[in-house]
Amino acid sequence: MCAEQGVVAGFDADRVVSAASLVKVPILVALLREVDAGRARLDQSVALPPVAERVGGSGALALLPSVEELTIGELLRLMVVLSDNDAGNLMLDYLGLDRITATAREIGMQHTVVGRRFMDSAAAEDGRDNHTTAGDMAGLLAAVRAGVVLGQRSTQLVRDLLAEQQHAVGITALLPDHVWHGSKPGDLPGVRHDIALIETGGRWATVACVATEMYDRRHGADYSISVLPALSAVGEAVLGYLETEPVRPD
């Protein structure tokens with residue numbers, strides 16, 4: 001957890017895990033750095049592949065054959081807010097896997113690797129996957145919130161997209177409406193991750209939780225949903241810290 005006053009706490013924060021859809025946040029940041037540098041535009045149109053070539057799994061684009069092109073800004077919104085895998089793949093293809101990994105390194109994500117497109121099971125079986133750590137993800141959100149990796153407009157866009165999250169069933173699920181929060185979950189069979197930015201009373205914190213090994217191969221049962229109450233309890237605990245910790249002088 002990283003707060004504005006400089007407090008950092010973690011447990012097993014450098015354990016490398018399959019990133020699932022958490023990796024869509026470094027993709028978002030990498031694209032917005034291109035926008036900030038003038039090498040891409042949010043209103044730039046991108047052609048979508050035929051619906052038969054869309055991967056589905058999460059999001060709406062696989063169900064919308066009449067949608068043939070969208071802007072980068074629209075694709076980023078779908079990728080984060082609905083976790084749309086086809087939007088994510090288009091952004092991966094736009095920048096390239098190596099460039100996104102390199103950007104992650106540039107902004108301090110030492111354990112994050114983008115190694116495959118979404119829903120590419122053949123790549124995963126071949127050992128190519130997307131990896132990250134809780135420490136990398138919490139640090140990324142903290143750097144974004146502090147305004148050190150993106151310009152002002154792009155920073156605000158990240159905040160807006162996280163706040164629009166449509167699958168906020170983890171860390172932020174039980175936070176009261178008056179508390180500003182944004183999040184991005186990720187899940188795979190037996191895997192349930194979540195990251196969040198929480199703000200109240202002039203204080204803020206970033207939180208990242210990763211949970212794995214919750215798939216019972218003997219019975220083909222996925223128990224990852226069982227971790228959701230623990231994730232929401234973490235969110236409540238962080239809010240309690242923010243509401244009680246005295247403000248430190250700069």
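User: Why does Asp12 count as partly exposed?

Analyst: This is a predicted model, and the values that follow are computed from it. Asp12 has a relative accessibility of 47%. Buried means under 20% and exposed means over 50%, with partly exposed in between. The value for Asp12 falls in that middle range, so the residue counts as partly exposed. Asp12 is placed in the loop between strand 1 (2–3) and strand 2 (17–18).

User: What makes the phi of Asp12 worth noting?

Analyst: Most residues other than glycine have a negative phi. Asp12 is not a glycine, yet its phi is positive, at about 55°. Ser83 is also a non-glycine residue with a positive phi of about 55°.

User: Where is Ser83 placed, and why does Ser83 count as buried?

Analyst: Ser83 belongs to the loop between helix 2 and helix 3, just after helix 2. Its relative accessibility is 6%. That value is under the 20% limit, and therefore Ser83 counts as buried.

User: Why is helix 2 described as largely enclosed by the rest of the structure?

Analyst: Helix 2 covers residues 72–81, and eight of its ten residues are buried, so the rest of the structure largely encloses it. The buried residues are Ile72, Gly73, Leu75, Leu76, Leu78, Met79, Val80 and Val81. These residues pack against several elements, including helix 1 (24–36), strand 4 (69–71), helix 3 (85–95) and helix 7 (152–163). Strand 3 (45–47) and strand 6 (180–188) are also among the packing partners of helix 2.

User: How do you know that the protein is as compact as a globular protein of its length?

Analyst: The protein has eight helices and ten strands. Its radius of gyration is 18 Å, close to the 18 Å that the globule rule gives for 250 residues, so the protein is as compact as a globular protein of that length. Along its principal axes, the C-alpha trace spans about 55 × 50 × 35 Å. Buried residues make up 50% of the 250 residues. Among contacts between residues at least 6 apart in sequence, 62% join residues at least 24 apart.

User: Which residues touch the most other members of the largest nonpolar core?

Analyst: They are Ile27 and Met91, in a core of 50 residues. Helix 1, helix 2, helix 3, helix 4 (97–106), helix 6 (134–145), helix 7 and strand 8 (203–211) each supply at least two residues of this core. A second, separate core has 16 residues, among them Val179, Val207, Ala211 and Val238. Leaving aside neighbours within four places in sequence, Met91 is in contact with Ile27, Leu31, Val46, Ile72, Leu75, Leu76, Met79 and Ile100.

User: Why does Asn89 count as buried?

Analyst: Asn89 has a relative accessibility of 2%, which is under the 20% limit, so the residue counts as buried. Asn89 is found in helix 3. Not counting residues up to four places away in sequence, Asn89 touches Val55, Arg117 and Phe118. The C-alpha atoms of Asn89 and Arg54 are separated by 9.2 Å, with the two residues 35 apart along the chain.

User: What makes Gly186 and Thr155 buried residues?

Analyst: Gly186 has a relative accessible area of 1%, and Thr155 has a relative accessibility of 9%. Buried means under 20%, and therefore Gly186 is buried and Thr155 counts as buried. Gly186 lies in strand 6, whereas Thr155 is found in helix 7. Leaving aside neighbours within four places in sequence, Gly186 is in contact with Ala20, Ser21, Leu22, Val191, Arg192 and His193. With such neighbours again left aside, Thr155 is in contact with Val144, Gly147 and Leu150.

User: How do you know that the charged end of Lys24 sits over the ring of Phe118?

Analyst: The charged end of Lys24 is 4.6 Å from the centre of the Phe118 ring, over which it sits. The distance limit is 6 Å, and the charge must also lie within 35 degrees of the ring normal. The charged end of Arg159 likewise sits over the ring of Trp180, 4.4 Å from its centre.

User: How many aromatic pairs does a search of the whole structure find?

Analyst: The search finds zero aromatic pairs. To pair, the ring centres would have to lie within 6.5 Å.

Terms used. Residues numbered from 1 in each chain as written. Predicted model: local features only at pLDDT ≥ 70, side-chain atom pairs only at ≥ 80, totals over all residues. Heavy atoms only, no water. Phe/Tyr/Trp six-rings, centres within 6.5 Å; stacked < 30°, edge-to-face > 60°. Helix = DSSP H or I, 4+ residues; strand = E, 2+ residues; numbered from the N terminus. Rg over C-alpha atoms; globule rule 2.2 N^0.38 Å. Buried < 20%, exposed > 50% of the residue type's maximum accessible area, 1.4 Å probe, protein only. Contact = heavy atoms within 4.5 Å. Core = buried A, V, L, I, M, F, W, Y, C linked by side-chain atoms within 4.5 Å.
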